[in-house]
Amino acid sequence: MRAAFKASLVTLLVLSSACAPNPHVEKSEQMPPIVARQRVLSEDESDPLLRSALEEYKSDAAVRELVTAVRQSSSMPLTSGNRVDALIDGPQTYAAIEAELKAARHHIHLETFIFGADEIGRRFGDLLAQKRSEGVEVRVLYDSIGSMDTPTDFFEQLRKRGVEVREFRPMNPVKNPRIWSINNRDHRKIIVVDGKVGFAGGINIDSTYSSPSSSRPGPKRGIEDGWRDTHMRIQGPVVKQLQTLFLQSWAEAGEPLQAKDGDEYLPPARPAGDTLITIVGNDSESDDRSLYGTYLAAFTHSTRRLWITHAYFAPNPELLEALEEASHRGVDVRLIVPAFTDSRLVLNATQSTFTPLLQAGVKIYELKDALLHAKTVVIDGTVSIVGSANLDMRSFLHNDEVNAIVIDRDFGQRMDEVFKRDERGSRPVTLERWQKRSLWQRMKEFGVKLFGYWI
């Protein structure tokens with residue numbers, strides 16, 4: 001079973017237990033509206049490097065408005081002095097991560113939805129255990145449902161070798177008396193090394209990433225290998241924000257780790273580049289909707305290009321309307337989605353959005369030679385969103401997620417190039433062709449809308 005199937009399994013478990021609501025949550029809180037708050041930007045939180053970096057966009061009113069809207073919707077401040085590298089697919093990402101793990105001197109913090117016990121998982125497990133034997137503190141947090149295919153003995157062996165391992169919201173009711181919380185999962189992919197280098201994006205520790213998507217595995221082999229995904233290597237002051245999210249999740253799964261500014265976990269910030277970045281985290285335990293708010297702000301304030309690559313695309317009416325309105329006002333709106341997937345349920349939900357988007361002029365493409373798992377958006381070639389969050393209600397309301405928002409024209413150009421490469425490997429969906437789809441296809445699209453809140 002893979003990521004989206006496991007999310008669908010959670011959906012079925014929740015729906016089957018709907019007659020036993022959480023006694024500690026009011027009914028109105030069980031179906032919370034997506035309300036994104038805006039914060040007042042304070043110059044007190046802006047350092048000279050940040051003010052200097054923002055000056056680059058002073059002459060472009062549209063970009064300045066876009067950046068301001070995204071900043072106001074984020075719960076964490078924009079930071080300057082960072083460096084970010086885009087990592088495409090598993091082999092490139094794993095090579096970068098392993099290089100940093102080998103160089104670790106104080107601690108390694110790893111948080112992931114899926115930690116497999118396959119060749120990739122064992123390779124990472126051995127490396128983590130080796131670093132622990134060298135005196136490096138190693139902590140692993142995995143999601144119970146995401147890693148349900150991984151034998152418990154795999155994690156027990158890591159513990160015996162000195163690695164601290166925690167399970168996020170176990171499915172076992174003995175371990176997790178708050179059984180109603182099973183719908184809320186940790187979907188983040190975060191790695192922090194020595195508080196100085198961080199990784200985030202969509203890639204799990206799993207053999208589905210053994211080969212690059214450029215190997216074009218196709219629908220048959222592509223379910224198990226060669227997934228197309230995007231990750232990031234990050235350096236600079238913003239790594240502290242990734243570390244903060246990890247520490248929060250770690251504390252939710254057990255005793256908190258004591259960390260304070262200036263220590264080895266949260267070392268003094270040192271510039272590593274000149275890129276502006278903020279980290280946006282979604283926490284199902286809070287009413288923070290900044291992840292949703294930043295997407296909506298980006299869509300609403302786009303003026304030239306809005307290029308979206310999303311594996312599990314099932315947005316609510318407000319986001320759909322924002323995309324349609326962007327196209328109507330002349331924005332080049334393009335969407336790349338999977339041609340095949342590990343979850344027909346989510347793909348049907350994606351396809352249910354095609355008709356209104358195509359009628360609004362949105363260009364839609366289906367990636368056909370590899371299974372798409374990336375979650376990226378590039379707005380006006382300047383603002384890029386890369387992370388773990390899908391454009392669906394599960395990510396907005398039920399999962400713990402993490403996105404990085406990068407404000408940088410050079411990085412935006414890089415992401416534009418990646419988008420164009422994926423577009424060349426995709427087939428276009430035209431309104432004429434889509435209107436000829438079968439009655440059975442239309443019925444599946446209608447049916448999935450009935451419980452879109454839980455997808």
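Okay, Ser 388 and its neighbours. Leaving out anything up to four places away in sequence, Ser 388 touches His 187, Arg 188 and Lys 189, plus Gly 201, then Lys 375, and finally Glu 401, Val 402 and Asn 403. Keep in mind that this is a predicted model.

So where does that serine sit? Ser 388 is in the loop that runs between strand S15, residues 383-387, and strand S16, residues 391-392. And is Ser 388 buried or exposed? Buried: its relative accessible area is 0%, and the cut-off for buried is under 20%.

Zooming out to the protein chain, we've got 17 helices and 18 strands. There are 455 residues, and 60% of them count as buried. If you take contacts between residues at least 6 apart in sequence, 82% of those join residues at least 24 apart. As for the surface, the chain exposes about 18,400 Å², with carbon and sulfur atoms supplying 53% of that.

Helix H5 covers residues 89-103 and helix H6 covers residues 119-133; their axes come within 9 Å and cross at roughly 15°. Angles under 35 degrees count as roughly parallel, so that's what we call H5 and H6. The crossing is left-handed.

Who makes the contact? On the H5 side, Tyr 94, Ile 97, Glu 98, Leu 101, Lys 102 and Ala 103. On the H6 side, Ile 120, Arg 123, Phe 124, Leu 127, Leu 128 and Lys 131. Sorted by class, the contact of H5 with H6 comes out at 8 nonpolar and 4 charged residues, with no polar ones.

Note on methods
Residues numbered from 1 in each chain as written. Predicted model: local features only at pLDDT ≥ 70, side-chain atom pairs only at ≥ 80, totals over all residues. Heavy atoms only, no water. Helix = DSSP H or I, 4+ residues; strand = E, 2+ residues; numbered from the N terminus. Buried < 20%, exposed > 50% of the residue type's maximum accessible area, 1.4 Å probe, protein only. Contact = heavy atoms within 4.5 Å. Areas by Shrake-Rupley, 256 points an atom, 1.4 Å probe, with all protein chains shown as cover. Axes fitted to C-alpha atoms, helices over the stretch in contact; angles between N-to-C directions. Parallel < 35°, antiparallel > 145°, perpendicular 65-115°, else oblique. Left-handed = near helix turned anticlockwise from the far one by under 90°. Nonpolar A, V, L, I, M, F, W, Y, C, P; charged D, E, K, R; others polar.
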